[in-house]
Amino acid sequence: MILAIETSCDDTCAAVLDGPRILSNVISSQAAAHEGFGGVVPEVASRHHLELVSPVVSAALGEAGVGLEQIEAVAVTAGPGLIGALLVGVSSAKAIAASRRLPLIPVNHLQGHVAANFLEPEPLEPPFLCLLASGGHTLLAAVRDHGGYELLGQTLDDAAGEAFDKSARLLGLGYPGGPALEKVAAGGDPEAFEMPVAMARDPGLDFSFSGLKTALVYLCRDLGPEGVSARRADLAASFQAAVVGQLTSKLRRALRRGGWDAVALGGGVAANGPLRAAVGELCEEHGVRLKLVPIALCTDNAAMIGSAARYAAPLAYPSYLGYDAFASGERAAA
Ligand code: KG4
Ligand code: ZN
């Protein structure tokens, strides 16, 4: 039985897992606190995590009907993410674990997104190809076992979700931008505006999204405020189609290299309807199985951290008392 905590960005999350079974998965979104700023303000996020982490952990235990005395290990996102936000989760997890002399399991956030696929009711067994697209990362990973993955390609600049958020802001839509832009795009023509096809000639599996955002800046400047408001749906649809096009074309390239019979999607952008549909078609074309986890497990949550923790190295009490979160890179020192 694992208690997992995730506070890497703007969601305060705690979950209780019994093996691959989710007993509770509590997510307290801070979106409203950041909306007025058009993006996540790190200091505001840290302060909210501080206020929310205890009630969210209590709610997770309560919903699971589990007492702290039944918990065998505490898992926590150690990085990458906003350092102040991560520190709240790591300090809380250390305190809870130490109070009961339990092991602490630090988890890499990206490994968590991959491990969302290992959860019940329909766990996906490696090997599989995983496309991860979130607000902070965009990557293609070869998942050959439960404990890690090989990076096949990643974004060279903005993450796909970041591009959605920035473009939504440019179009005067709310925060977070992805879902707002998808909604508006549903009423637009994806072929109305020609968007640059980034990395099309690049033979590798890396991504680039900053050019798309810049193209949208110029389009909006040329159209002027009235033009933008008249063509908002077409702009959103064209932008979204370009992002989905790039993600699927790199996935197609990876599939053509062969050796895969399953694909998984992860990260917040995996909640995008047109992306899910396009990847679905692609998988059908290639005769591979597509695993789509529920949207609540695509966006940040603690159940995926508890899932990754099952395959990560636990730190025994009291060796983790000096353990630190890490904002980027791989691992902090114990
Ligand atoms: O994985 P996640 O919850 O947090 C990070 O680890 O970043 O991903 C959040 C990102 C945001 O950029 C958000 O705009 C994007 O995922 N997102 C979407 C959709 N829902 C969330 N992007 C496109 N379409 C969506 N429906
Ligand atoms: Zn994430």
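Reader: I'm just getting my bearings here. How many of the eight residues of strand β2 (residues 11-18) are buried?
Author: First, this is a predicted model, where local features need pLDDT of at least 70, side-chain atom pairs count only at pLDDT 80 or more, and totals for chains, interfaces and linings use all residues. Residues are numbered from 1 along each chain as its sequence is written, chains are lettered from A and ligands numbered from 1 in the order in which they are written, and side-chain values use heavy atoms, leaving out hydrogens and water. Strands (E, at least two residues) and helices (H or I, at least four) are DSSP runs, numbered from the N terminus, while buried means under 20% relative accessible area, exposed over 50%, and partly exposed in between, with a 1.4 Å probe and protein chains only. Strand β2 is largely enclosed by the rest of the structure, because the number of its eight residues that are buried is seven.

Reader: What is the bridge partner of Val-76 in β5?
Author: Val-76 sits in β4, where it stands opposite Ile-5; β1 (residues 2-6) and β4 pair in the parallel sense over four bridges. β4 also pairs in the parallel sense with strand β5 (residues 104-108), over five bridges. There, the partner of Val-76 is Pro-106.

Reader: Which residues coordinate the zinc ion (ligand 2)?
Author: Donors are N, O and S atoms within 2.8 Å of the metal (3.2 Å for Na, K and Ca), and sites may look incomplete since water is not among the atoms. In sequence, the donor residues are spaced H-x3-H-x186-D. At 2.0 to 2.1 Å, the zinc ion (ligand 2) is coordinated by His-109 (NE2), His-113 (NE2) and Asp-300 (OD).

Reader: How many residues apart in sequence are the parts that His-113 and Asp-300 tie together?
Author: Both His-113 and Asp-300 are buried. His-113 lies in helix α4 (residues 109-115) and Asp-300 in the loop between α9 (295-298) and α10 (303-309), so the parts they tie together are apart in sequence by 187 residues.

Reader: Is Gly-38 buried or partly exposed?
Author: Gly-38 is in the loop between α1 (31-35) and α2 (42-64). Leaving aside neighbours within four places in sequence, Gly-38 is in contact (heavy atoms within 4.5 Å) with Arg-169 and Tyr-175. Its relative accessibility is 23%, so Gly-38 counts as partly exposed.

Technical notes: Pairing = 2+ DSSP bridges.
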